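Student: Could you take me through this model step by step, giving the general idea before each particular case?
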Amino acid sequence: PYTTLFRSPHDSVGDVYAMADLTCVPSRTTPTWEEQFGRVLVESLAHGVPVLATATGSIPWVVAQTGGAVLVAQRDPGALARAITERVLDRRGTALMGHEARPRALAAFSNPAVATSLVALLERVSAR
């Protein structure tokens, strides 16, 4: 339970990722919804935790920007189970994948990186 007076629940996110070896994001597209960004992917990778996710919506784009993830087809529980097993059995490779993705995730999606991209976009648009 959350008891610290000056910490928000979001401040504890890093504590949770520090306990994780892998983040699994089995997202799936429905007739009315598709993964728009996958913030949990970026949070996980920014904390050095590799990701196992389904290749749907914007997830492949996020992975292309950062690396550090294994993608499997959506709606294929067998593939998901095999990929989880492979990551668990290759603990060293899994940890290395997260370690190597962290700087790329921060370079692409940290607050300063996003702010810089937004300023550049606004400058291009306002120059027209």
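Tutor: Let us begin with burial: a residue is buried under 20% relative accessible area, exposed over 50%, and partly exposed in between, with a 1.4 Å probe and protein chains only. Buried residues make up 30% of the 128 residues in the protein chain. This is a predicted model, in which local features need pLDDT of at least 70 and side-chain atom pairs count only at pLDDT 80 or more, while totals for chains, interfaces and linings use all residues. Residues are numbered from 1 along each chain as its sequence is written, and side-chain values use heavy atoms, with hydrogens and water left out.

Student: In what order do the elements of the protein chain run from the N terminus on?
Tutor: Helices (H or I, at least four residues) and strands (E, at least two) are DSSP runs, numbered from the N terminus. Here the protein chain has six helices and three strands, and the order of its elements is α-β-α-β-α-β-α-α-α.

Student: How many bridges join strand 2 to strand 3?
Tutor: Two strands pair if DSSP finds at least two bridges between them. Strand 2 and strand 3 (residues 69-72) run parallel and are joined by four bridges, with Ala 53 standing opposite Leu 71 of strand 3. The path from strand 2 to strand 3 passes through helix 3 (residues 59-66) in a right-handed β-α-β crossover, where right-handed means that, with the strands pointing away from the viewer, the path from the first strand over the helix to the second runs clockwise. Strand 1 (residues 23-25) also pairs with strand 2 in the parallel sense, over three bridges, and Cys 24 has Leu 52 as its bridge partner in strand 2.

Student: Which residues of strand 2 are buried on each side?
Tutor: In a regular strand the side chains alternate between the two faces of the sheet. For strand 2 (residues 51-54), both faces are covered, with Val 51 and Ala 53 buried on one side and Leu 52 and Thr 54 buried on the other.

Student: What is Thr 66 in contact with, leaving aside its neighbours within four places in sequence?
Tutor: Contact means heavy atoms within 4.5 Å. Thr 66, which is found in helix 3, is buried, with a relative accessible area of 1%. Leaving aside those neighbours within four places in sequence, Thr 66 is in contact with Leu 45, Ala 101, Arg 104, Ala 105 and Phe 109.
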